[in-house]
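Hi everyone, thanks for making time today. I'd like to walk you through a ligand site, so let me put the structure up.

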Amino acid sequence: MTFRMLFSLIAAASFTRAEMPDGLADPLSAADASRVSSPAQWMEKRRPELLEWFTRHMYGRSPGRPETMSFEAFDRDPKALGGKATRIQIAIRPGGAEGPRIDLLVYVPNGVKGPVPAILGLNFWGNHAIHKDPGIRITGSWVEARAGRYVDLSGVQENRATDATRGVNASQWPVEEILSRGYALATVYREDIAADHEPYFKSGVHPLFPKHQETDDNFGTIAAWAWGFSRALDALEKEPAIDARRVAIFGFSRLGKAALWAGATDPRIAMVISNESGAGGAKLFRRAQGEDIQRLNTHFPHWFCRNFRAWNGRDREIPFDQHLVISLIAPRPVYVASALDDKHSDPEGEFLGAKAAEPVYRLLGAQGLPAASWPAPGVSVQGGIGYHVRNGGHDVTDEDWKHYLDFADKHLAGKAPLRTGGNP
Ligand code: GCU
């Protein structure tokens, strides 16, 4: 036996540990202890009760779709990316013409019979950072200047983007590959929706809803990003080239937390991809591994509502956990992905969060997560719930995207999507 074989045996053995933490809430047991044994009981009783719990105690209450919202397509280039795509840019103005502006960038593949399914993702550094295409409008919103492992932000000046930041985040956005697989790609910048820096709630859309900060279930930033996914979907619904019934949403890390909550709250979303979402995303708090509730609420006091602070230091006691957020997406497909070295996100806890949502998928007639134990790195397991852990650290790589696109092919290509019903 070679050293390599021995090593993989040891590694394989260590991937069979995954055990559910004790006392994890049963998705199919209602708050009054009654059993949820039919899809109707899930839809009419358990699902609304869970949505309300997470709204009140964790994410905060969102304002819904504003009547004042307007859309302006300010760019349409049928020969973008060397003729591969039609680029459309839409200014979404939730408060009407004078209010804050959210830019939606869309690439529709040329030469594909439409309307096409789409992947809609939030991005970290501005729409112009996902591709070097000089036609993308550079964001006027605040930009974080912190240099990261996978992004060079030396071109950011006084927290404003410059031409030098075009394409700096392209490694996480394989635009041409997504288009060549027959999907449109749409994206929005996080800071256009909500401030992820101090002063919180002062830029983006929060100033439109001042009353929503007066309560302890205030509209937090993760909820605002989730709300932003829904508003971008409103815009895509108006685009004849896009099949808005087949839109998968995508988010990485904090934006992956938002993607899960968006999928839970907006039944129009056909599929969710949550890349290394960690604490407040897919990982189970009850394992008490990686980032905890106290850290979330201290480092990012704007992400969740004020009521969530009552759970600081009580990760093992919380009566609800993140598998229930994932189960709110059922029966629509959800993909959770981890990276082995991303201990902060507790990769194994992300797997268990996805796995523990399985009973709801099964109850609603969908497939669960077909893996009895934590899969080996690089192996993608795909049922109604998809999962992989790859080698390496916190990032989005081509390997991740390959699995996402395969999962989208399985569920969205040429298919009528599943619907949750319930409240939009
Ligand atoms: C921090 C934070 C995580 C978050 C991550 C990110 O590391 O602690 O919760 O997911 O930032 O969004 O990159």
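So, which pocket is the space taken by the ligand? The ligand takes up the second largest pocket. Please keep in mind that this is a predicted model.

Let's look at the pocket itself. Its volume is about 330 Å³, and 21 residues line the second largest pocket. Nearest the centre you'll find Arg 146, Ser 253, Arg 254, His 344 and His 394. By class, that lining splits into 7 nonpolar, 7 polar and 7 charged residues.

Now for the ligand's own surroundings. The residues around the ligand are Phe 124, Ser 253, Arg 254, Lys 257, Glu 291, Arg 295, Leu 296, Phe 300, Trp 303, His 344 and His 394. This shell has 4 nonpolar, 3 polar and 4 charged residues.

Glu 291 has a side-chain N or O atom 2.5 Å from an oxygen atom of the ligand. For Ser 253, a side-chain N or O atom is 2.7 Å from a ligand oxygen. His 344 also has a side-chain N or O atom at 2.8 Å from an oxygen of the ligand.

And how much of the ligand's accessible area does the protein cover? On its own the ligand has 320 Å² of accessible area, and the protein covers 86% of that.

Last, the secondary structure. Two or more residues of the shell come from each of helix H7 (254-265) and helix H8 (293-299).

That's my tour, and I'm happy to go back to any part of it.

Conventions:
Residues are numbered from 1 along each chain as its sequence is written. This is a predicted model: local features need pLDDT of at least 70, side-chain atom pairs count only at pLDDT 80 or more; totals for chains, interfaces and linings use all residues. Side-chain values use heavy atoms; hydrogens and water are left out. On a 1 Å grid over the protein atoms alone, a cavity is a set of points where a 1.4 Å probe fits but cannot get out, and a pocket is an open set with protein on both sides within 12 Å along at least five of seven lines; lining residues have an atom within 4 Å of a point. Grid points are joined across faces, edges and corners, and a volume is the space filled by probe spheres set on the points. Ala, Val, Leu, Ile, Met, Phe, Trp, Tyr, Cys and Pro count as nonpolar, Asp, Glu, Lys and Arg as charged, and the others, Gly among them, as polar. A residue is near a molecule or strand if one of its heavy atoms lies within 4 Å of it. A polar contact is a pair of N or O atoms within 3.5 Å; within protein, one must be able to donate a hydrogen and the other to accept it, and residues adjacent in sequence count only if both atoms are side-chain atoms. Accessible areas come from the Shrake-Rupley method with a 1.4 Å probe; for residues, only the protein chains shown count as cover. A molecule sits in a cavity or pocket if more than half of its atoms lie within 2 Å of its grid points. Helices (H or I, at least four residues) and strands (E, at least two) are DSSP runs, numbered from the N terminus.
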